[in-house]
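Subject: Structure handover

Hello,

Please find the structure below. My notes on it follow.

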Amino acid sequence: MKYNFSCADIGMNCGYQIKGASSEDELLEELKIHAKMSHGLTSIPADVLDKIKKNIKKSGKYSFSCADVGMKCGFEIVNADTEEELLNELAIHAKLSHNMTSIPQDTLNAIKSKIKVM
Ligand SMILES: [Zn+2]
Ligand SMILES: [Zn+2]
């Protein structure tokens with residue numbers, strides 16, 4: 001999972017972006033330096049911090065294999081762009097290969113806990 005942020009997303013007119021930080025904490029630490037150096041903020045006010053956190057974009061690749069939840073069908077999804085995409089694709093597989101018209105909540109929870117994010 002990579003974390004990205006650009007000042008333009010919170011209405012700042014400065015063109016600054018962070019791409020590919022490996023955690024939200026890392027990104028915020030880096031952003032504190034930028035806020036101080038470029039925006040003259042010695043600390044980031046709570047409301048701005050809130051806004052920043054809401055605008056942090058996560059990017060990653062989502063992977064899942066049925067074997068992870070004990071299914072022996074050999075089905076895998078590798079590198080879907082979003083969890084939503086992966087789950088939509090998995091719903092089709094569940095229907096066509098496992099005869100599940102919908103995925104039960106407990107199975108869905110098990111699936112979600114096994115999704116790998118890179
Ligand atoms: Zn900025
Ligand atoms: Zn399967």
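I begin with one strand pair: E1 and E3 are joined by three bridges and pair in the antiparallel sense. Within that pair, Tyr-3 has Lys-58 of E3 as its bridge partner. Strands here are DSSP runs of E of at least two residues, helices are runs of H or I of at least four residues, and both are numbered from the N terminus. Two strands count as paired if DSSP finds at least two bridges between them.

Before the rest, the conventions. The model is predicted, so local features need pLDDT of at least 70 and side-chain atom pairs count only at pLDDT 80 or more, while totals for chains, interfaces and linings use all residues. Residues are numbered from 1 along each chain as its sequence is written, and chains are lettered from A and ligands numbered from 1 in the order in which they are written.

Overall layout

The chain has four helices and six strands, in the order β-β-α-α-β-β-β-α-α-β from the N terminus. Its radius of gyration is 19 Å, well over the 13 Å of the globule rule for 118 residues, so the chain is more spread out than a compact globule. (The radius is taken over C-alpha atoms, and the rule is 2.2 Å times the number of residues to the power 0.38.) Along the principal axes, the C-alpha atoms fill a box of roughly 60 × 20 × 20 Å.

E1 belongs to an open sheet of three strands, ordered E2-E1-E3 with antiparallel pairing. E2 and E3 (57-59) are the edge strands, each pairing on one side only. H1 packs on this sheet and touches E1 and E2, its direction making about 150° with that of E2. Axes are lines fitted to C-alpha atoms, for helices over the stretch in contact, with angles from 0 to 180 degrees between N-to-C directions; contact means C-beta atoms, placed from the backbone, within 7 Å.

Which residues of H1 (24-39) are buried? They include Leu-27, Leu-31 and Ala-35. Seen down the axis of H1, the buried residues fall within an arc of 80°, so they line one face of the helix. The arc is that of the directions from the helix axis to the C-beta atoms. These buried residues pack against E1 (2-6), E2 (17-21) and helix H2 (46-55). The face turned away from the buried side carries the exposed residues Asp-25, Glu-29, Ile-33 and Met-37. After H1 comes Gly-40, with a positive phi near 65°.

The sheet with E4

Three strands form another open sheet, in the order E5-E4-E6 and with antiparallel pairing. E4 (62-65) is joined to E5 by three bridges and to E6 by two. Tyr-62 stands opposite Ala-80 in E5 and opposite Val-117 in E6. On E4, Tyr-62 and Phe-64 make up the covered face, and Ser-63 and Ser-65 the uncovered one. Helix H3 (83-98) lies across E4 and E5, running at about 155° to E5.

Regards

Methods
Two residues are in contact if their C-beta atoms, placed from the backbone, lie within 7 Å. A residue is buried if 20 or more other C-beta atoms lie within 10 Å of its own, exposed if 12 or fewer, and partly exposed in between; C-beta atoms are placed from the backbone.
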